[in-house]
Amino acid sequence: MAEKLTIVVHSGDMDKIYSTLIIANGALSMGMEASLFFTFWGLQRLQRESLEKGPLSKMHMLGIGKSMIKQRMNKANVSSLERLMHDFKELGGKIIACDMTMEIMGIKKEDLREDLITEYGAVGTYIQEARESTINLFI
Amino acid sequence: MSKIKVDCCGETCPIPLIETRKAIRKASLGDIIEVRGTHQASKKEIPMAVKALGLKLVDTKEEGGEWTITIQK
């Protein structure tokens, strides 16, 4: 069995979703398996048309900071979150949506991008993934 | 046995690594994968991935800031 990376994606901040998807794609590219457990603010990014919509974790400044960073990222030719998510799925990455968050935030399955989600689960599902992972992060 | 070319010139982290992995997945056993790029960290990291995947690193060369890595599946 291949080594595995598991990440709890708690934050919905744009920069942290970048960290998540870059690390996860790196793991898949280097021959590991990867599972992402989306919970709380992170889960909001799996709602339709929301992946790129997160604020910047620092210096967001009502969106001014974010658009400045976005400009610099475009200049440096950094790929979009949409492309990174597409690559993650293509390389066999797994996405778990936290069902308790769905209940708390009133998010229904049809509000989410069901095409991306491998399964819906709670802490037990995450533990089963994490216990067999060599890398486990909380972002 | 065929040769697959991947052009990652101008691309930055983590695209060269991802595109290399995608090409490796699609290749058949014995195929040659030739990746070109300009992102310096990837020149070091793609060989690490090749090793981790248990594949053969055939050649690495660089000319004028552009590197070419040749892999055999």
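What percentage of the contacts in chain A between residues at least 6 apart in sequence join residues at least 24 apart? Among these contacts the share is 79%, two residues being counted as in contact if their C-beta atoms, placed from the backbone, lie within 7 Å. The model is a predicted one, in which local features need pLDDT of at least 70 and side-chain atom pairs count only at pLDDT 80 or more, whereas totals for chains, interfaces and linings use all residues. Residues are numbered from 1 along each chain as its sequence is written, while chains are lettered from A and ligands numbered from 1 in the order in which they are written.

The secondary structure of chain A comprises six helices and five strands, which follow the pattern β-α-β-α-α-α-β-α-β-α-β along the sequence; helices (H or I, at least four residues) and strands (E, at least two) are DSSP runs numbered from the N terminus. The radius of gyration of chain A, 15 Å, agrees with the value near 14 Å that a compact globule of 139 residues would have, where the radius is taken over C-alpha atoms and the globule rule is 2.2 Å times the number of residues to the power 0.38. Along the principal axes, the C-alpha atoms of chain A fill a box of roughly 40 × 35 × 25 Å. Of the 139 residues in chain A, 31% are buried, a residue being buried if 20 or more other C-beta atoms lie within 10 Å of its own, exposed if 12 or fewer, and partly exposed in between, with C-beta atoms placed from the backbone.

Within helix H1 of chain A (residues 14–29) lies Asp15(A), which is partly exposed because 17 other C-beta atoms are found within 10 Å. Not counting residues up to four places away in sequence, Asp15(A) touches Leu56(A) and Ser57(A). The C-alpha atoms of Asp15(A) and Glu52(A), which are 37 residues apart along the chain, are separated by 9.8 Å.

The contact between the chains takes 14 residues from chain A and 15 residues from chain B. On the side of chain A that touches chain B, the largest share, five residues, comes from H1(A).

H1(A) and helix H1 of chain B (residues 15–26) pack with their axes 9 Å apart and at an angle of about 35 degrees, the axes being lines fitted to C-alpha atoms, for helices over the stretch in contact, and angles running from 0 to 180 degrees between N-to-C directions. In this pairing, Asn25(A), Gly26(A), Leu28(A) and Ser29(A) of H1(A) meet Leu17(B), Ile18(B), Thr20(B) and Arg21(B) of H1(B).
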